[in-house]
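Here are my notes on the model you sent over.

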Amino acid sequence: MTALSTPGAVSGNLVSGNPADSAPLLQATDLGFRYSRVRPWLFRNLGFSLERGEILSILGPNARGKTTLLKCLSGLVAPREGQVHGVTGIGYVPQDHGAGPSFSVAEMVLMGRTRHLRAYQTPRREDHDAADAAMERVGVRGWAGRDYSTLSGGQRQLVLIARAVASGCELLILDEPASALDLNNQSRVLSVLTGLAAEGMGIIMTTHHPDHALHVSRNALLFVGSHDVRWGPTEELLTGAALSEVYGLPICTPKVDTVSGQRVIAVPDFGPSCRACPVPGAVGVPTPVELRIPFGKDTP
Ligand SMILES: Nc1ncnc2c1ncn2[C@@H]1O[C@H](COP(=O)(O)OP(=O)(O)OP(=O)(O)O)[C@@H](O)[C@H]1O
């Protein structure tokens with residue numbers, strides 16, 4: 001485990017004067033996990049903390065252990081080594097958003113309120129209000145009466161996010177929350193997460209989009225190898241060199257002007273095998289200056 005530099009403290013107005021509130025929302029110490037004695041360690045000596053109001057992104061190649069780490073953090077799986085200390089009110093959005101049960105969308109989102117109810121207790125007015133507000137916030141209220149099992153993959157993913165939002169948890173853990181979403185809905189979910197964090201919620205998510213991490217996360221965890229899981233400020237951690245090493249292809253991280261200001265973005269070079277790509281400089285194909293990005297190099 002490598003910590004790049006001490007990740008910054010949460011911004012002032014989100015932390016009250018109560019000393020209990022200034023403690024990390026979640027603290028992982030020397031975490032280690034492997035599925036059995038004969039399987040390799042997925043991670044070891046992993047330590048990091050999450051403050052209230054912070055979004056932490058977890059990145060790394062397929063099958064490195066990101067989902068397994070989320071399960072350890074949320075208590076679904078016991079770590080083989082180390083400890084996780086933190087809040088118990090955790091919302092979890094799984095990676096799998098398969099067809100699932102035949103409930104209405106409104107009922108699915110209302111299930112997020114279960115932890116506030118006693119066994120067999122009927123949801124109260126405040127539970128319906130919280131579910132309605134969550135559906136509105138995530139943009140799924142228009143499907144409230146639809147059968148969840150008939151929704152598209154992207155629609156189901158949004159409903160599961162709304163269900164976790166309805167739970168009113170202190171810590172929200174999401175496994176690739178934007179994996180099935182179009183660009184507009186990716187933006188919607190990132191904006192919902194940023195809004196929840198601004199209200200004090202802690203958020204941990206895995207993603208295969210470095211741009212999402214760069215956009216919303218102050219800190220990130222990067223799985224480089226089982227004994228090299230790095231934690232640090234996102235822009236410091238997700239350099240072109242580090243991303244190129246982790247994913248095994250050239251990736252550059254230029255700073256570009258966007259309508260919302262200057263941003264660092266990650267641009268992968270998928271190589272010449274992509275036949276559909278126009279070749280810059282070929283007859284009839286302009287060579288825009290923007291395409292001349294020094295792949296594998298970082299913006300100074
Ligand atoms: N219940 C299990 N029993 C045994 N091995 C498992 C189990 N669940 C996952 N694994 C293995 O552990 C490794 C890590 O899986 P995990 O789902 O944590 O990876 P990941 O980084 O989230 O991958 P992806 O990016 O593809 O979602 C994989 O090799 C997987 O096959």
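1. Let's start with the hairpin. V256 has R263 as its bridge partner in β13. The two strands involved, β12 (residues 255-258) and β13 (residues 261-264), pair in the antiparallel sense over four bridges, and they form a hairpin with two residues between them. For the terms: strands pair if DSSP finds at least two bridges between them. Helices (H or I, at least four residues) and strands (E, at least two) are DSSP runs, numbered from the N terminus.

2. Some housekeeping before the rest. This is a predicted model, so local features need pLDDT of at least 70 and side-chain atom pairs count only at pLDDT 80 or more, while totals for chains, interfaces and linings use all residues. Residues are numbered from 1 along each chain as its sequence is written.

3. The overall picture: the chain has nine helices and 14 strands. Of its 300 residues, 38% count as buried. Buried here is 20 or more other C-beta atoms within 10 Å of the residue's own, exposed is 12 or fewer, and partly exposed is in between, with C-beta atoms placed from the backbone. Among contacts between residues at least 6 apart in sequence, 68% join residues at least 24 apart; a contact is two C-beta atoms, placed from the backbone, within 7 Å.

4. Now the domains. The assignment gives domain 1 (2-239) and domain 2 (240-300), with bounds that come from an automatic or database domain assignment. Their contact takes 11 residues from domain 1 and 12 residues from domain 2. On the domain 1 side, α7 (210-216), β9 (219-225) and α8 (234-237) each give two or more residues, and α7 gives the most, with three. By class, that side has seven nonpolar, two polar and two charged residues. The classes are Ala, Val, Leu, Ile, Met, Phe, Trp, Tyr, Cys and Pro as nonpolar, Asp, Glu, Lys and Arg as charged, and the others, Gly among them, as polar.

5. Helix α9 (residues 240-247) is worth a look next. Which of its residues are buried? They are G240, A242, L243, S244 and V246. The cover over these buried residues includes α7, β9, α8 and β11 (251-252). Just after α9, G248 takes a positive phi of about 70°.

6. Back in strand β9, take L221. L221 counts as buried because it has 26 C-beta neighbours inside 10 Å. Leaving out residues up to four places away in sequence, L221 touches F48, L56, I58, V229 and W231. L221 and T234 are 13 residues apart in sequence, and 8.2 Å apart in space, C-alpha to C-alpha.

7. The largest nonpolar core has 75 residues, and V109, V159 and A162 touch the most other members. Such a core is a set of buried Ala, Val, Leu, Ile, Met, Phe, Trp, Tyr and Cys residues joined through C-beta atoms within 7 Å. Helix α5 (residues 153-166) gives the most to this core, with eight residues, and the core draws at least three residues from each of domain 1 and domain 2. Not counting residues up to four places away in sequence, A162 touches V109, A134, M135, V138 and V140.

8. On to the ligand. The residues around it are Y35, L42, G60, N62, A63, R64, G65, K66, T67, T68 and Q95, where being around it means a C-beta atom, placed from the backbone, within 6 Å of the molecule. This shell divides into three nonpolar, six polar and two charged residues.

9. Two backbone angles to check. Most residues other than glycine have a negative phi. A63 has a positive phi near 65° and lies in the loop between β4 (55-59) and α2 (66-74). A63 counts as exposed because it has 9 C-beta neighbours inside 10 Å. N45, in strand β3 (residues 43-50), also has a positive phi, near 55°. N45 counts as partly exposed, with 17 C-beta neighbours inside 10 Å.

10. Leaving aside neighbours within four places in sequence, D175 is in contact with T67, L70, V93, P94, Q95 and T206. D175 and D96 are 79 residues apart in sequence, yet 8.5 Å apart in space, C-alpha to C-alpha.
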